[in-house]
Amino acid sequence: MTEQYSATARACSNIAFIKYWGNRDHDLRLPLNGSISMNLKGLETTTTVVFGEEIESDRLVLNGKPATGAALERVSKHLDYIRRLAGVSLCAAVESENNFPTGAGIASSASAFSALTAAACAALGLKLTEKELSIIARLGSGSASRSIPGGFVEWYAGEDHESSFAESIAPPDHWDLVDLVAIVSLEHKDVGSSGGHQLANTSSLQQSRIEDTPQRLQLCREAILTRDFDALTEVSEKDTLLMHSVMMTSEPALFYCLPPTLAVMQAVREWRNNGMPVFFTIDAGPNVHVITTGDQREEVERRLREIDGVITVLGATPGRGVEIAGQ
Ligand code: DP6
């Protein structure tokens, strides 16, 4: 048997409070604005990468099923960058598993490309800093750059490839927050994030969203550092609504909300008016991330499950950065 080089990495997904929407450079995934997120312990991807001479072409198994086409091409392209860096041309067998239900409508590109980057780099013996890993993960999926560091994370838009990376602004145990994801649709969305980023500039609202982002980043950073839930609520909900306004006014328009999405948003606002610490944030899909404090978890989850159209609720707490689980 010829020599094999392998490693396994585990990465959390993340939820952005200040969203990434639109690129300055699509190939390098240089974003038009910085973003801030929280890693999600409980929504994780574990990926094993094996490089070897007997592997004749790149292979990908996703949640136990062989993947081909666009998914495999995206992984191969990402591995090409890492192979060039390591000066090798070996093909790879990649196996990736999510610990959350497949098809639950949860975006997994952040945890997937973070775990893939760390596993492939470790397998090929590349000794890289967290910053370097974040830069490489960004090339695979922008939000994956934020799943490399731990806890609460800021991704700097930067000016070029080397300056666009993410770093931790607070560790996971800094704040006892919970993300309860109200799943309202299991269907695959027509236009995913990558397609959406390409359309962002067709909305006349995008320019003003971008111009106002430094201010929102500042408010969000401060809210996290001082554990100010009300301030985080205000800036996060506004940021989500700004991004969805851009989406809805793009050409063609992207409309991700479904009736139960709005029902959850409305309920969350009502609970908050009655004194409960709770807010919503929504990515490029109809599911609603409902953020609350640890002590409210059970009650919020119970109430979410009672809303018509909520299929299930997944829970996550602040998570660590990417880890090598085996080599
Ligand atoms: C709405 O990182 O999934 O979730 O770089 O094309 O893979 P690609 O896009 P992706 O975009 C995430 C968009 C978002 C907001 C966010 O997570 O910041």
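These legends describe close-up views of a predicted model. Local features need pLDDT of at least 70 and side-chain atom pairs count only at pLDDT 80 or more, while totals for chains, interfaces and linings use all residues. Residues are numbered from 1 along each chain as its sequence is written, and side-chain values use heavy atoms, leaving out hydrogens and water.

**View 1. Helix α1 covers residues 69-86.** Helices (H or I, at least four residues) and strands (E, at least two) are DSSP runs, numbered from the N terminus. The 18 residues of α1 reach 25 Å from first C-alpha to last, close to the expected 26 Å; the expected span is 1.5 Å times one less than the number of residues. G87, which follows α1, has a positive phi near 70 degrees.

**View 2. The buried residues of α1 are L72, V75, S76, H78, L79, I82 and R83.** Buried means under 20% relative accessible area, exposed over 50% and partly exposed in between (1.4 Å probe, protein chains only). Among the elements they pack against are β4 (35-52), β7 (92-98) and α2 (109-123).

**View 3. The largest nonpolar core has 30 residues.** Such a core is a set of buried Ala, Val, Leu, Ile, Met, Phe, Trp, Tyr and Cys residues joined through side-chain atoms within 4.5 Å. V49, F51, L79, V94 and L116 have the most contacts inside this core. Helix α2 gives the most to it, with nine residues.

**View 4. L217 is found in helix α6 (residues 213-225).** L217 is buried, with a relative accessible area of 8%. Leaving aside neighbours within four places in sequence, L217 is in contact (heavy atoms within 4.5 Å) with I18, G34, S35, I36 and E154.
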